[in-house]
Amino acid sequence: MAKAKTAYVCTDCGASYPKWQGQCEACSAWNTLNEIVIEPASSSKGASRHSNWAGMPEQARVTPLGQVKQESETRLSTGIGELDRVLGGGLVSGSVVLVGGDPGIGKSTLLLQAITAMAPQFPGLYVTGEESLSQVAGRAQRLGLGVDGVSALAETCVERILTQAAAAKPRLVVADSIQTLWSELLTAAPGSVSQVRESAAKLVRFAKETGTAVFLVGHVTKEGGIAGPRVLEHMVDAVLYFEGEAGSRFRLLRAFKNRFGAVNELGVFAMGDKGLREVANPSAIFLSGSRVPQPGSAVMVTREGTRPLMVEVQALVDQSPLANPRRVALGLEQNRLAMLLAVLHRHGGVGVFDQDVFVNVVGGIRVQETAADLPVLLAVLSSLRDRPLAEKTVAFGEVGLSGELRPIPNGEERLKEAATHGFRRAIVPKANAPKSGRVGELEVLGVERLSEAMDHAAN
Ligand code: TYD
Ligand code: MG
């Protein structure tokens with residue numbers, strides 16, 4: 001294939017150079033020049049921006065929104081319920097989904113399980129740039145996956161991959177990983193920003209033109225961004241992150257962006273010797289094993305996406321040797337913790353200004369809602385006094401700056417979840433409590449002020 005015309009463009013100021021150089025002469029920035037394709041090698045074939053995929057007219061026309069014909073999106077079930085949930089109810093044909101995560105977290109395993117589960121209905125092509133074909137086949141065999149309808153390809157040149165894929169006509173392509181792919185149009189090394197971007201762009205175009213669903217695997221750098229360009233996140237339809245705590249066998253799959261569904265939906269898996277297993281009842285795993293109440297521990301019901309989830313909030317309050325005692329929040333917002341401690345002092349009459357305060361949400365869960373306010377303060381209080389909260393007690397609610405408890409959404413559903421898990425007492429904002437004061441076996445104490453909640457928690 002003839003070389004395409006490329007240029008080196010500064011990502012800061014946009015100046016363009018025919019050759020790579022370390023510093024941009026226009027803005028003096030270092031290492032900002034990226035190779036980009038300015039003209040495809042052959043002037044030919046639909047590859048240009050004006051191509052006619054999806055049957056769109058060549059000339060775009062202004063159309064009243066009400067008259068736009070809606071194409072119903074086809075959802076393919078991946079055969080893995082938790083993955084379908086995070087995708088918003090299945091994989092959309094012609095969509096491109098980026099699956100990010102640390103090396104070794106289980107991305108290849110998850111996608112191999114998905115592609116084999118889908119294959120009887122939707123033939124799939126597994127493109128591997130990291131492992132050999134026999135490694136992939138070996139893993140499928142070891143996990144006992146049926147491989148009918150799944151093909152594999154060990155190739156890293158994106159043009160050759162697309163030629164093969166166009167011939168094989170799969171409904172699903174998995175590209176593992178995007179960092180190993182490279183395009184003939186560029187001279188930059190595989191894994192570089194321009195190669196990753198160009199390869200992804202080609203795959204996205206292929207997906208839209210042919211209606212093939214594409215999974216891209218991307219390794220996440222320590223900084224949390226997908227290695228290579230963050231720009232990938234803008235090019236694809238959905239970005240899923242696969243996470244897990246070191247040493248834990250549980251894995252969380254989270255939607256970070258989704259054009260076809262809600263984000264914040266959470267999929268929970270456990271890694272075992274037969275690969276990833278779905279965890280149908282995640283509440284159970286995020287409550288620490290021993291249910292004998294410990295000082296500094298409070299249980300709350302949070303919501304992840306569309307379902308309630310029981311999690312444990314732990315606090316450790318300890319005499320501080322520092323002039324500025326530490327406030328550390330893991331899985332919660334740091335500033336919110338500082339604010340809550342101020343409310344605790346002002347309206348609860350308990351000061352912790354000479355204490356270090358550490359708060360952690362068990363299981364690597366991040367709670368971004370204000371429902372955690374009350375359980376955080378109860379855990380802090382319990383640790384400070386070295387007295388556990390009453391057994392089988394759960395709490396949630398937003399704490400306002402004047403010490404009042406504010407209701408949170410979906411209270412009833414949360415209370416039901418707590419009742420299902422055998423909790424006997426719930427301390428919640430008054431407006432979230434049912435009139436009867438009960439949900440099944442669960443006694444619900446509706447309170448209006450923080451001080452009231454503290455009284456209930458103490459006995
Ligand atoms: P992998 O899917 O290769 O991770 P990634 O593609 O994200 O880099 O998973 C690798 C890890 O998972 C590896 O450390 C071993 C573990 N694992 C199991 O514990 N059980 C299994 O059945 C499989 C396939 C992997
Ligand atoms: Mg892998």
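The notes cover one pair of packed helices and a selection of salt bridges.

The structure is a predicted model. Helix 9 spans residues 373-385 and helix 11 spans residues 450-458. Across the whole structure, a search finds 16 salt bridges.

**Helix 9 and helix 11**

- Two packed helices are described by the angle between their axes and the distance between the axes.
- For helix 9 and helix 11, the axes come within 11 Å and the crossing angle is roughly 55°.
- An angle between 35 and 65 degrees falls in the oblique class, and helix 9 and helix 11 are therefore oblique to each other.
- The crossing of helix 9 and helix 11 is right-handed.
- Helix 9 contributes L374, L377, L378 and L381 to the contact, and these meet L450, A453, M454 and A457 of helix 11.
- Sorted by type, the residues of this contact are eight nonpolar, no polar and no charged.

- R414 and E369 form a salt bridge in which the closest N and O atoms are 2.7 Å apart.
- The pair links distant parts of the chain, 45 residues apart: R414 lies in helix 10 (residues 411-420), and E369 lies in the loop between strand 18 (355-361) and helix 9.
- R414 has a relative accessible area of 1% and is therefore buried, the cut-off being under 20%.
- E369 has a relative accessible area of 23%, so this residue counts as partly exposed.

- E412 and K416 meet through their side chains in a salt bridge, at 3.8 Å from N to O.
- Because E412 and K416 are four residues apart in helix 10, about one helical turn separates them.
- E412 is exposed, with a relative accessible area of 57%.
- K416 is partly exposed, at 47% relative accessibility.

**Other salt bridges**

- R160 forms a salt bridge with E155, and the closest N and O atoms of this pair are 3.6 Å apart.
- R160 counts as partly exposed, with 40% relative accessibility.
- E155 is buried, and its relative accessible area is 17%.
- E82, R85 and E265 are joined in a network of salt bridges.

Technical notes:
Residues numbered from 1 in each chain as written. Chains lettered and ligands numbered in written order. Predicted model: local features only at pLDDT ≥ 70, side-chain atom pairs only at ≥ 80, totals over all residues. Heavy atoms only, no water. Axes fitted to C-alpha atoms, helices over the stretch in contact; angles between N-to-C directions. Helix = DSSP H or I, 4+ residues; strand = E, 2+ residues; numbered from the N terminus. Parallel < 35°, antiparallel > 145°, perpendicular 65-115°, else oblique. Left-handed = near helix turned anticlockwise from the far one by under 90°. Contact = heavy atoms within 4.5 Å. Nonpolar A, V, L, I, M, F, W, Y, C, P; charged D, E, K, R; others polar. Salt bridge = Lys/Arg side-chain N within 4 Å of Asp/Glu carboxyl O. Buried < 20%, exposed > 50% of the residue type's maximum accessible area, 1.4 Å probe, protein only.
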